[in-house]
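User: I'd like to learn how to read features from a model. Can you take me through this one, starting with a single residue?

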Amino acid sequence: MSAAPAFAAAPLYHPGGGAARVRPHGQRVRYPWRIVEDPAYADADLTVYGKVAALAQREHLCTAKVAVLAGYCGISVSATERALRRLTSRTGRDGWVEITTRRRTHKVTGTGQSAQRRTRVLDRGERYVWAPVLAAETLRPRLHRLYLAIRHALTRSLPVTLTDLAQVLRHHTGRHAGQPLSTDSVGALVDELETTGWLTVHRRAGHRGRHLYEVHDHPVHEAPTHPDTEATPAGPPPSTPRPDDGSAPRPGDGSLASKEDQELTDVEKSPAGGGRRRRTTGSKPVENPGVFHKSGYSDRVWPVLEPVRDLLPALGTWPTARLDAEIRRLLTTATAQQLHHRLTTHRRAILTADIQDPARWLLGVALTPARSRHHCDRADCEGGLIWPTATPCQVCAEPHRRNPPPTPGPPTPPPPRGPRPVWHTCTTCRAPSRTPLTTGRCQPCHQQPTPTPTDQPTNAATAAATTGARRATQAVPGLDRPCPDCHALPGHRCRTSRGRPRAPHTTRTTPTAA
């Protein structure tokens, strides 16, 4: 039985991406779906994010240097720096920062140490891809992004088509930057990913002849190697990246490294002190709009906010990011001096005590140009004057030429009024009424009964007795006098010995002799 293959101490990049020199199981991390589908992030950004997220789960977080991360991911140092720059800045559409970096300095010597990095904590309900870190270490960045896209679709039970995968895999350089790949290119990448062992394609086995995809947590077979390629012994990773890495410097990367490679320099023939190159006097550093100030604003935005810096400490995290993004958007159509003048004009017109919400005032009032009353849409129009010449805006003057003010003429007589309404008065309460009163009284007075003049009783008992006697006298004859048998009062009915009412006694109904 053959011995088990030996594994290297550090994860190495395998050009084929197969199972050679890799472990079948490993650590898993969560990739936010926003960085997978957002074309603002390059393919190498996902590889670097996966390795940083895996190292950040340790007690001291991720403290690996950029060169060490580049060796882990199998890409160049410059590509790793570009990936970290995009991940540590507000690159995406929503302006979130995926990786935060904290600079460290030795407490005793004061020399700098490797930075400490950590990933953003995902929000509740945010979509992510749960994938092994081994895929980021073995697959090249383009295949790694394809692997994450297919894994996310299968997890959510979504149909996988080449057209949908092309919307995730896009061109990042050249004339077609930002455009999706063609279906033929995506099909070739799927076939290449299948040969690495990370994906199995069941062709024409799905609904209506679709392909069925099956992703694996580790390669199920070794990647085929070229017959002319000789096996290299296990050792440290080569310093030169692969040819398709795109490791050439870009204008947005800043200054180049100034330290020479001693292997390519003839030390014996070089002049004294030639161990380091010096920048020529004619060169100047390249402006990098992705560098952020210590206060959270980019270097292009920070000088613009000079008139309103006293209001910035009161802003939170989201208003700070929103203000920075809004000023960067305005800088595409206006100059920094124009925005500085606009903020100065609005700041002088209001007191600090009158600003109740600084974030709302900055985003809604301060950055809004002082438009004229004609609502001009020109970007360089500030209150009817062109910036910076202060000449009148012709667009604002056009409504006067097209629609001159009307000539004042005789005043127009008011329209004739109709007949005045007739008011009716209640004869009882003298209340006015628009509707005619048939009986001469309003509805409340009509519903109230008219009181009859009667003798007012002295108390309630006498009133009840008088009312009962009056009703009994009118109903039964003979009740107008008292009963000698039961001693009933006049107007009350006769009662038995038990107190029950009965017919009048005979002695009561018999008329007495005169």
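This is a predicted model: local features need pLDDT of at least 70, side-chain atom pairs count only at pLDDT 80 or more; totals for chains, interfaces and linings use all residues.

Analyst: His 424 is partly exposed, with a relative accessible area of 25%. Buried would need a value under 20%, and exposed one over 50%. His 424 lies in strand 10, residues 424-425.

User: Which residues does His 424 contact, leaving aside its neighbours within four places in sequence?

Analyst: His 424 is in contact with Ala 431, Pro 432, Ser 433, Arg 434, Thr 435, Pro 436 and Leu 437, with neighbours within four places in sequence left aside. His 424 and Gly 440 are 16 residues apart in sequence, and their C-alpha atoms are 8.7 Å apart in space.

User: Now the whole chain. How many helices and strands does the chain have?

Analyst: The chain has 15 helices and 13 strands. Of its 514 residues, 33% count as buried. The chain exposes about 34100 Å², and carbon and sulfur atoms supply 55% of that area. Now take contacts between residues at least 6 apart in sequence: 53% of them join residues at least 24 apart.

User: How do I describe two packed helices?

Analyst: Two packed helices are described by the angle between their axes and the distance between the axes. Here, take helix 2 (residues 43-55) and helix 6 (residues 141-155). Their axes come within 8 Å and cross at roughly 75°. Angles of 65 to 115 degrees count as roughly perpendicular, so helix 2 is roughly perpendicular to helix 6.

User: Which residues of helix 2 and helix 6 meet?

Analyst: From helix 2 come Asp 43, Ala 44, Leu 46 and Thr 47. From helix 6 come Pro 141, Arg 142, His 144, Arg 145 and Leu 148. By class, this contact of helix 2 with helix 6 has four nonpolar, two polar and three charged residues.

User: What does the helical repeat tell me about which way residues point?

Analyst: An α-helix has 3.6 residues a turn, so residues three or four places apart point the same way. Compare two residues of this case. Thr 47 is buried, with a relative accessible area of 0%. Asp 45 is buried too, also at 0%.

User: What do Thr 47 and Asp 45 touch?

Analyst: Leave aside neighbours up to four places away in sequence. Thr 47 is then in contact with Cys 73, Ala 136, Pro 141 and His 144. Asp 45 touches Ala 83, Arg 86 and Leu 87. For a distance check, Thr 47 and Arg 142 are 95 residues apart in sequence and 9.4 Å apart in space, C-alpha to C-alpha.

User: Which residues of helix 11 are buried, and what covers them?

Analyst: Helix 11 spans residues 358-366, and its buried residues are Pro 358, Ala 359, Trp 361, Leu 362 and Ala 366. Their cover includes helix 9 (317-330) and helix 10 (336-348).

How values were computed
Residues are numbered from 1 along each chain as its sequence is written. Side-chain values use heavy atoms; hydrogens and water are left out. Axes are lines fitted to C-alpha atoms, for helices over the stretch in contact, and angles run from 0 to 180 degrees between N-to-C directions. Helices (H or I, at least four residues) and strands (E, at least two) are DSSP runs, numbered from the N terminus. Angles under 35 degrees count as roughly parallel, over 145 as roughly antiparallel, 65 to 115 as roughly perpendicular and the rest as oblique. Contact means heavy atoms within 4.5 Å. Ala, Val, Leu, Ile, Met, Phe, Trp, Tyr, Cys and Pro count as nonpolar, Asp, Glu, Lys and Arg as charged, and the others, Gly among them, as polar. Buried means under 20% relative accessible area, exposed over 50%, partly exposed in between (1.4 Å probe, protein chains only). Accessible areas come from the Shrake-Rupley method with a 1.4 Å probe; for residues, only the protein chains shown count as cover.
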